[in-house]
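Q: Please guide me through the reading of salt bridges and of a domain interface in a predicted model.

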Amino acid sequence: MEKKVRRIGVLTSGGDAPGMNAAVRAVVRTAIANGIECIGIRRGWQGLIGCDFVRMTRESVGHLLSRGGTVLYTARSEEFMTPEGRQKAVNTCKMLGLDGIVAIGGDGTFRGALELSRLGVPVVGVPATIDNDVGCTNYTIGFDSACNTAIECIDKIRDTMQSHERCSVVEVMGRNAGFLALYVGTAVGATAVLVPEHVESFEENVIERIRGAKLAGYTHFMVVVAEGAGNAADVGQKIQDALGIKPTITVIGHIQRGGTPTGRDRETATRMGYYAVQAFVEGRGNCIIGTQEGSIVEIPIEEALTRQKHLQMERYKIMEYMQFGGSHEYQ
Ligand code: F6P
């Protein structure tokens with residue numbers, strides 16, 4: 001990127017995440033502080049196709065830090081996956097005179113960003129998804145808030161499970177990744193945790209854990225299951241078949257995606273939004289802003305999309321060590 005950046009667009013795309021608004025605010029204010037005009041694109045890539053925009057000012061992003069959701073709206077666009085759709089998006093950029101786009105979202109958003117960058121529109125990505133499953137960054141905006149929301153819900157469920165001496169199966173989000181379930185399961189001291197990365201032995205991971213807790217004197221059991229590891233009703237049925245107890249079923253669902261972002265998400269979103277604009281100011285586009293050991297890093301988009309993030313086995317082991325009924329009990 002050689003020419004001076006005068007006007008950029010900012011959009012949010014894919015599943016929303018608490019802290020997206022804080023990122024939008026940071027992008028707008030950093031842009032204006034650098035003499036760059038900022039245009040909000042509503043409804044993600046779909047909005048770019050349809051030229052759905054709003055002019056942003058320092059004031060228009062006031063009072064956003066503590067608001068969940070995204071004021072720019074979000075969407076998952078089928079049309080953007082077609083060459084014709086992407087060409088329309090490029091035409092919008094030409095019409096509005098956009099020198100670049102800051103795209104806030106997850107992996108799907110960044111795959112779109114790569115395609116757009118190949119058509120000559122520079123894009124900088126800011127990772128935001130409650131799943132924390134973007135390969136090129138340790139952390140994605142929204143994860144901390146979603147974990148805390150799920151933990152708060154499960155603590156409440158546990159109170160009544162304890163009173164009534166029952167078993168509960170709680171489904172948390174995470175279609176392809178168990179980061180959220182592992183973190184939440186560890187933090188609530190779950191009897192058993194099921195993640196998509198380890199579905200091989202239900203007997204060992206769930207039934208033996210409940211049995212172990214029972215033998216240790218427990219009278220209530222909390223099973224946390226990631227959405228991608230099987231649905232909570234099926235898990236409940238399998239527990240009933242194996243142990244003769246009827247678990248209660250709770251799907252936390254979209255409650256995890258909404259609500260006030262935590263301090264960590266607001267602060268991280270602010271820094272990431274700042275560095276996203278800074279990349280444009282310094283003449284770099286086509287990268288993703290990430291974190292590594294707490295510091296902000298910039299990864300070229302193409303490389304970022306090849307990176308993979310695996311569930312941390314050490315953390316999984318720590319979670320297991322806290323449970324009953326596994327082979328670790330007898331070592
Ligand atoms: O990507 C975030 C996420 O919340 C996933 O955990 C979940 O599988 C998905 O979005 C659900 O999306 P929606 O309910 O919007 O279809």
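Q: Which residue forms a salt bridge with Arg43?
A: A salt bridge is a side-chain nitrogen of Lys or Arg within 4 Å of a carboxyl oxygen of Asp or Glu. Here Arg43 pairs with Asp52, the closest N and O atoms being 2.6 Å apart. The model is predicted: local features need pLDDT of at least 70, side-chain atom pairs count only at pLDDT 80 or more, and totals for chains, interfaces and linings use all residues. Residues are numbered from 1 along each chain as its sequence is written, and side-chain values use heavy atoms, leaving out hydrogens and water.

Q: Is Asp52 buried or exposed?
A: Buried means under 20% relative accessible area, exposed over 50%, and partly exposed in between (1.4 Å probe, protein chains only). Asp52 is buried at 19%, while Arg43 is partly exposed at 34%.

Q: How is the protein chain divided into domains?
A: Domain bounds come from an automatic or database domain assignment. That assignment gives domain 1 (7-142 + 261-304) and domain 2 (145-257).

Q: What area do domain 1 and domain 2 bury between them?
A: The size of an interface is often given as the accessible area lost when the parts come together. Buried area is that loss (1.4 Å probe), summed over both parts. The two domains bury about 930 Å², 50% of it on carbon and sulfur atoms. Asp16, Ile130 and Asp131 supply 48% of the area that domain 1 buries against domain 2.

Q: How many salt bridges are counted between domain 1 and domain 2?
A: The count is one. The side chains of Arg257 and Asp16 meet in a salt bridge at 2.9 Å, N to O.
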